[in-house]
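The following note sets out points for a colleague who is reading this structure. Please consult the sequence and the coordinates alongside each point.

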Amino acid sequence: MTAPFDPYDDRSEIGRDVLDAHVATTPIRPARLIDVLGRTRAALGLKPLTAPALLFVPIGAILGPAGAGWLGLDLLGRLYPAMSTALAALGIFVGLGMSLDQRSERRLLAAASLEAVVTIALVSGAFVYVLTAWEVRPDIGLLPLALALGLCASATAAGVAPADAPLADRLAVRIADLDDVLPIAIGGVVLALAATSAPLEVLRLAAGNVALGLSVAVAGWLLFDRAHGEAERAVFVIGVVALLGGGAAYLGVSPLLSGMVAGLFWKYAPGRADTIIRDDLRRLQHPLVVLLLIFAGASAQPSTLALWLLGPYVLVRLAGKLAGGWLVSRVMFELSPGDIGSHLLAPGVIGLAFALAFHHASGTTASLAVLTAVAAGTLIGEVLAAFALVGPGRR
Amino acid sequence: MRRAAALVLLLLTVIVLRRAMDGDTAADLRGTALAFGFALIAATLAGELFERLRLPRISGYLLFGLACGPFAADLISRTMASDLQIINGLAIALIAFIAGLEINFVRIRSRLGAILAVGGAAVLVPFMVLEMVLFLAWPWLPIAPDATGLTRLGMTLVLTTVLVSFSPTVTIAVITESRTRGPLSELVLSVVVLADLALILGFTLVMQFMRSVNGATGDAGVGLLPFLVWDIFGSFAFGAIIGAAFALYLRIVGRELTLVLLAVCVLMSAAGEVLHFEPLLSALAAGLVVENIAPPQGDAMKHAVERSALPVLVIFFVAAGASIHVDALMELGGIAVGLALLRAFSIWMGVGLGVARAGLSHTGASMAWMGLVSQAGVTLGLTIIVASEFPGWGTRVQTLVVAMIALHELAGPVLFRMALARAGEVGGMDRPGGLTGSARPA
């Protein structure tokens, strides 16, 4: 029914990291944990137990304006170009991780998207209800605000299933891996909605987001294979990723979406563009993600609104993920609700990335509260996921 | 063909983006990464086109910056160009570090006398010629035509010192990007570095003279001299310590060299701001220590330099090109061209005298003047000091010098690259033990 599963397959979002399998069976000690955080793909939030968000988001919060103030607002502003580039790089990894030509993968993508839609609908609906009931008047439209929270909640950090893991575990991990795709696509529209309420303008911005990804992807595809040497190729790769992120930031649209579109294009374009970009970006992925997490932590600003958003966010996200997992188990008979539910709890980095993009695009007090609530919710989610995954009888 | 298509596509993309957000100043503030990515790719392609035309790549980067910058097509706005300059400190440190790696004392020991002779003449002759012409032509120059006597002498001495200065950054960048090694490149590099050190000290003295002519108390001048001594010798000492640490890292660890090299350059640049060190001198000293005390083995260092130098050089020169003041050039174009020609002529004369006195026989030596035409950061730094201290005539000096820098930034690299090509030194770094450039056919 499904293709043979290889956890190190290139289709996985981030790709091969031989240390992951080792990490999964190693007892956790503080020194070991820090070493692991620095060296494995856990630094991308893909491994709930050793989630880097638990380390780097608090570090960012301590260093940021709300903490010691070493990372001031001016410095954060200067760092944003690197941040938009990091967001585009994450989008590229998601795009490269899709395999739409295989039926089994399309089925998994459909299941993952179903689970994501359930979470988005539940979280967004809950927030529309709650904010209306509380008579909260955010300085941004209620719908974009609720949708943004829904999108942030829908992303999951996929874990790692060793080759000898049960089929259910491997499928659940892959679904968790693919459930970022639809939120990133919808995110393009939500960010446009945050910028304007005119339907035609929203359509224009969303289309521009996709067109930007495509045009830069085509330019990159024309260049990568013909670079004269490694140094020039690295220049092209860095330049293309910066253009994807920078172009989106300039337009006020989603760098994640333009990156994902480009990644998908390279995946199916003739030549070695996908391999080249994956190999070159892999060297930068850990520093970029660590920077993103620290940036998110530093950008967070505690406020009453953020506090009000946090509780419902954590609870409804949990409910949404479990409901989504249950629904997926109804259409994929290989899975039981328990198999998939626990794999969907860890929020990882994509939700935070979307919250950052949303705040940057709208720049309002409400979007800052969303970012703060999502940052805090991510920490709580990671702790919950750790308990869910390492509890008695699991792994 | 594919590269041309990619370039056209990128240009169209950026034009559409700029049109879509036309007049949105907030978008400009968000445009740094866009400008960075666009400049990195498009200027690299432009540089390659220049290389095919046997011109220096950095001229391609500069012209690309000029063409796409705020004074021409405005694809890179003034805000974006200014944001791109955030890389300047890193670029200058990296360029100087690479230059230090190319100066081997064992190799140049035998030529030290010649370097001093050529360098001395290359500074003194232009200084005398320009000072004489400026003093005589002062009433017709739009700076302070009414000045007479000692005031006029002080003003002309200040202007002459600024005009004679060279550009170590551009010199090193041309050597690095054309992978040059040989007697001519070593001669020019040594002369430029030593001459600029001498000129910075000379500048301190003439500024002090001008202050005393103006009737200043002299406190500022007394403070400036130790400051510059700290600036120069402190920078060298700091760089030497960093270089020793880097050499130790190379020996003991030797991994992730690209990252460590960039981190070292960032450190020298940041420390320069905090401790008032000159990153150019610190990094040069660091490179000298690494090359002369613990020379790197194998290709790891070479690869690290290649990987880090290309993107940094591209952005640095695109930002410089985008910041060229075309308005100043238009305003004082005639005078700037005249002075630039006079400066080039006097450098040619000085180098000719120096080469004859040193008895240098290799074919490249007589072309060394072509490597001394460039002007950039040092000159601009000196003129900024003049403008801030003497807001009236100093500001007009700044406009004139900025116009001349624009000319020299464009013409200097082309001339130097031509000289290096004629001397057969281009690509010398890639030849095993390739130090005999002048013996090779051009």
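1. Chain A has a mean pLDDT of 82, and 85% of its residues score at least 70.

2. Confidence along chain A. Within chain A, helix α11 (residues 255–268) has the highest confidence, at 95, whereas helix α1 (residues 19–24) has the lowest, with a mean of 38. Residues 1–30 of chain A remain under 50 in pLDDT, although the model gives them 69 contacts beyond four places in sequence. A further stretch of chain A, residues 32–49, also has a pLDDT below 50, and the model shows 67 contacts for this stretch beyond near neighbours in sequence. Where pLDDT is low, the predicted coordinates should not be read in detail.

3. Fold of chain A. Chain A contains 16 helices and 0 strands. Of its 395 residues, 59% are buried.

4. Extent of the interface. The contact between the two chains involves 34 residues of chain B and 33 residues of chain A. About 2,900 Å² is buried between chain B and chain A, and carbon and sulfur atoms contribute 73% of that area. On the chain B side, the residues that lose the most area to chain A are B:R2, B:R3 and B:R30, which together provide 24% of what that side buries.

5. Polar features of the interface. Between chain B and chain A there are 8 residue pairs in polar contact, counting pairs with both residues at pLDDT 80 or more. The side of chain B that touches chain A draws two or more residues from each of α1 (2–20), α2 (25–29), α3 (32–52) and α15 (300–322) of chain B. Sorted by class, that side comprises 20 nonpolar, 5 polar and 9 charged residues.

6. The salt bridge. How many salt bridges are counted between chain B and chain A? The count is 1. A salt bridge links the side chains of B:R3 and A:E232, with an N to O distance of 2.5 Å.

7. Is A:E232 buried or exposed? A:E232 counts as buried because its relative accessibility is 3%, and the cut-off for buried is under 20%. Apart from neighbours within four places in sequence, A:E232 contacts A:R226 and A:A227 in its own chain, and B:R3, B:T44, B:E48, B:R57 and B:L310 in chain B.

8. Backbone points to check. Most residues other than glycine have a negative phi. A:E135, which is not a glycine, has a positive phi of about 55 degrees. A:E135 sits in the loop between α5 (103–133) and α6 (142–154) of chain A, and its relative accessible area of 59% makes it exposed. In chain B, B:D74 is likewise not a glycine and has a positive phi of about 65 degrees. The loop between α4 (57–68) and α5 (78–84) of chain B holds B:D74, which counts as partly exposed at 31% relative accessibility.

Conventions:
Residues numbered from 1 in each chain as written. Chains lettered and ligands numbered in written order. Heavy atoms only, no water. Contact = heavy atoms within 4.5 Å. Buried area = accessible area lost by both parts, 1.4 Å probe. Salt bridge = Lys/Arg side-chain N within 4 Å of Asp/Glu carboxyl O. Polar contact = N/O pair within 3.5 Å; in protein donor to acceptor, adjacent residues only side chain to side chain. Helix = DSSP H or I, 4+ residues; strand = E, 2+ residues; numbered from the N terminus. Nonpolar A, V, L, I, M, F, W, Y, C, P; charged D, E, K, R; others polar. pLDDT = per-residue confidence, 0-100. Buried < 20%, exposed > 50% of the residue type's maximum accessible area, 1.4 Å probe, protein only.
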